[in-house]
Amino acid sequence: MALLQVRDFPQELYVQLTKHAEEQNRSITQQTIFLLKQCLGENSSGANTVKRADILNRLNQLNLSLPEDSPLPEMLVREDRDR
């Protein structure tokens, strides 16, 4: 297996990496490999998860709400399926 050594790695980035690794129950090495795979597109499920989270965050920021007299989304889907 190849060995990678990074010189002059920013301390604040290392702290973030360590925090994320702990949150995901991974070692720093495992988290680094995971993130590199995500960024390089080798882990499509992880990339999809990141994209999905980004889309959900953007939707939440829009503060969309249905008017009180509008049908529920489930009803609209059912109506569309029945057609």
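How exposed is aspartate 54, going by its relative accessible area? Aspartate 54 comes out as partly exposed, at 34%; that label sits between buried (under 20% relative accessible area) and exposed (over 50%), using a 1.4 Å probe and protein chains only.

## About the model

This is a predicted model, where local features need pLDDT of at least 70 and side-chain atom pairs count only at pLDDT 80 or more, while totals for chains, interfaces and linings use all residues. Residues are numbered from 1 along each chain as its sequence is written, and side-chain values use heavy atoms, with hydrogens and water left out.

## Salt bridges

Side chains of opposite charge can pair when their charged atoms come close. Here you'll find two salt bridges, meaning a side-chain nitrogen of Lys or Arg within 4 Å of a carboxyl oxygen of Asp or Glu.

In one, aspartate 54 pairs with arginine 58 at 3.2 Å, N to O. They sit four residues apart in helix H3 (residues 44–62), so about one helical turn separates them. Arginine 58 is exposed at 54%.

Aspartate 80 and arginine 83 also form a salt bridge, at 3.2 Å, N to O. Arginine 83 is exposed at 73%, while aspartate 80 is partly exposed at 46%.

## A nonpolar patch

Leu4, Val6, Phe9, Leu13, Tyr14, Leu36 and Leu40 make a nonpolar surface patch of about 700 Å². Patch residues have over 30% relative accessible area and no salt bridge, and nonpolar side chains (Val, Leu, Ile, Met, Phe, Trp, Tyr) are joined within 5 Å.

Phenylalanine 9 lies in the segment before H1 and is partly exposed, at 36% relative accessibility.

Definitions and conventions
Patch = residues over 30% accessible without salt bridge, like charges linked within 9 Å, V, L, I, M, F, W, Y side chains within 5 Å. Areas by Shrake-Rupley, 256 points an atom, 1.4 Å probe, with all protein chains shown as cover. Helix = DSSP H or I, 4+ residues; strand = E, 2+ residues; numbered from the N terminus.
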